[in-house]
Each structure stands twice: as C-alpha cells, then as structure tokens.
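Hi everyone, thanks for coming. Let me put the structure up, and then we can walk through it together.

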Amino acid sequence: MLEPETRETLIAQLSDPTALPAWEEFVELYQSVVYRVARNRGLQDADAEDLTQEVLMTVARKVEDFDFSKNGSFRGWLLKITRDLVVNKLTRDTKAMGSGDSEVLRLVNQQPERDATRSTLLLEHRRALLAQAAERLRPTIRRETWDAFWLTAVEGISISEAAARLNKTEGAIRVARCRVLAQLKKVIESDDSTFSL
Amino acid sequence: MIAPSHYDRSVLARFLTASEDNCPHDIAAHVENCEECQLALEGMINDGLTMKEAGRLLQQDSSAAAMPAGTGQDLPAELQQLSFLEPSDDASTLGTFGRYEILRVLGRGGMGIVMQAFDPVLDRACAVKVLAP
C-alpha cells in the first residue's frame, strides 16, 4: 500500500492546503474499497493488492492536474476518476482485432461487467463509510448500548435473547439499537457530502 | 395510572442522535417502556439506511477484517506443501526460501504464490512472491 511519505510528496505540489487531508481521508477510505471490489471481481489477494496500489498511485499522479479554481469538488473528482479507473482495470479486455463492428460488439459485451463492477463499487463505498463511522462512534458510547445494536443488527441475535444477555428490557434494546444506528448515520452525514451514503 | 403522553417526531429525532451524556432520562424512561414510541423510533430510523442493511454491511466487513480472504488456513493441506522450500530450524515455520522464514501461504494465482515471511536480516515481516513452481 502507499507509504504516507509517498502521498505527501505526490500531493505537496498542490496549491490548495485543504487537499492533503482530503486526499488522506480518501486513501484511507478507498484502499479497502478498491481492494474489496477487486476481490469481489475474482482477483487473488496479491493481485487485488497490486491493483489497489496501482489505482491509487495513478490517481495520486493525476491529482497534479486538478485545478482548484474551476474543477469543483476535489473529493467528487477523486471519487470519479478512481471509480473509472477501477472499472476499466477490472473489465476483462476481450479486444478482438478487426473491423469497427467487432469494436462495437466488444463494448456491448463489456457493459454487464462494467455495470457489475460499478454496483460493487457503490456497495463497498457504503460499507467502508459505515465501518469507518462505526470505528469512530464505538469508543464514544457505552458498551451495552453498542452491544444492543451489534448483537441484534450485525450478529442477528433476537431482541429477547440480547435483552437476556445484557440484562436489559426488550424495550431498552430496541431503543438503544435505534440510537446507535441514528448516530452512525449522523457521523457519516457530518463528513463531506460527496462521501455520503 | 394515566398513560404518559407520547413524544412527537421532532423530540424523538433529537433523542435518537443525542449523545449518551445529553440523553434526556425522562424520554429514555418513557420510550423504553412504550411500544408505540418504539415503533415510531424504528420507523424513523429506517428512513435511508435501514437497520437490516447496516447490519449486513457491517457483518461482511467484520468477517473480512477478521479473516482476509485466501489466508493460508483456508487452503487445503496439499496446497500448503511447498516443495521448493528448504527445511527450517524453526519448527513453527513452513521452511525457508533463501534467507526468508516462510510463515504461511497468503494466496495463489495463475502466476505464482505469495507467502508471508520473516526477514531475519531486516528483522521484519515481509511478503515473498514466487512464480508458480
């Protein structure tokens, strides 16, 4: 994966000082997203890691081209070029040499694969955001409140069993899990809107 | 006893996102015992990302974090046989490859094998990738 110093050197040329934290936040989120999408599309662990590194290095080099005065949201731009790169790299190249017809056919044949990669990207994006929010929120709330959510929503344990385990009423479990989910959403929404769910 | 009046949505919305220290106890005491308010909270919370979706997303995340796909333990025993390794003095490793102590197979692809290893010279963990033997 990218070494922190590599990132800094690559981004150091940027005129806008807000770019570095945005980039770091992006890499933290997207390393796992790209890796998981690659795995989901059938790559082996080592190949998925190579692809992740390749994509992020390419994006890092492109960052130099970003013009803060006219290109709009840096985060939105990062997301777009990264997703396009991943889709391109993960679409099997079934290039047939020859006429324009076969070129069209090739593009048509690739479409389902591109669509599948895009929807996996969106799913993994949501997952990464939620996992990051969970990591931030968890230390700030009481253990039993968190467990009421985790046991029932994530581990699939019934409300009555969770209540028995945590020595709470079922009502308290239902309320606690709702509060945890609401706060998870709040954490995600408080981030930049381009990275939202 | 007179049933306490229910809270309206704006109060419940604030209650949902209030931090633990600022969470009003009177509201908590009521909603934890009031089926109607619990249903209202559950309805509000499933607007957007639902409890079910959130659970599914986090579930897959935690399983992936705990066990990265393609770890050595997942591979059948015969794939763990690495005939090109030299026996190691350390019985807990699979063998040595050059100076590297090979700890486990991380994955196999069409091209080769990636192994987790320890480099005694640099005194740190490393990965060794070899072309398929």
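Let's begin with one pair of side chains: B:Lys129 and A:Asp50 meet in a salt bridge, with 2.9 Å from N to O. Please keep in mind throughout that this is a predicted model. Side chains of opposite charge can pair when their charged atoms come close. How many salt bridges are there between chain B and chain A? The count is four.

So much for single pairs; now the interface as a whole. Chain B brings 38 residues to the contact and chain A brings 34. The size of an interface is often given as the accessible area lost when the parts come together. Here, chain B and chain A bury about 3200 Å² between them, and carbon and sulfur atoms give 59% of that.

H8(A) has the largest share, with five residues.

Now over to the strands of chain B, going along the chain. Strand E1 (residues 95-97) pairs with strand E2 (residues 100-108) in the antiparallel sense, over three bridges. B:Phe97 has B:Tyr100 in E2(B) as its bridge partner. The hairpin of these two strands has two residues between them, and B:Gly98 takes a positive phi near 60°.

E2(B) also runs antiparallel to E3(B), joined by six bridges. One pair to look at there is B:Gly107 with its bridge partner B:Val114 in E3(B). Strand E3 (residues 112-119) then pairs with strand E4 (residues 124-131) of chain B, again antiparallel, over eight bridges. B:Phe118 has B:Ala125 in E4(B) as its bridge partner. This hairpin has four residues between the strands, and B:Asp123 in the turn has a positive phi of about 55°.

Let me finish with salt bridges again, this time over all chains, where the structure holds 14. One inside chain A joins the side chains of A:Glu54 and A:Lys89, at 2.8 Å from N to O. What does that pair tie together? A:Glu54 lies in helix H3 (residues 45-62) and A:Lys89 in helix H4 (residues 74-90) of chain A, so the pair links parts that are 35 residues apart in sequence.

That's my tour, and I'm happy to take questions.

Technical notes: Residues numbered from 1 in each chain as written. Chains lettered and ligands numbered in written order. Predicted model: local features only at pLDDT ≥ 70, side-chain atom pairs only at ≥ 80, totals over all residues. Heavy atoms only, no water. Pairing = 2+ DSSP bridges. Contact = heavy atoms within 4.5 Å. Buried area = accessible area lost by both parts, 1.4 Å probe.
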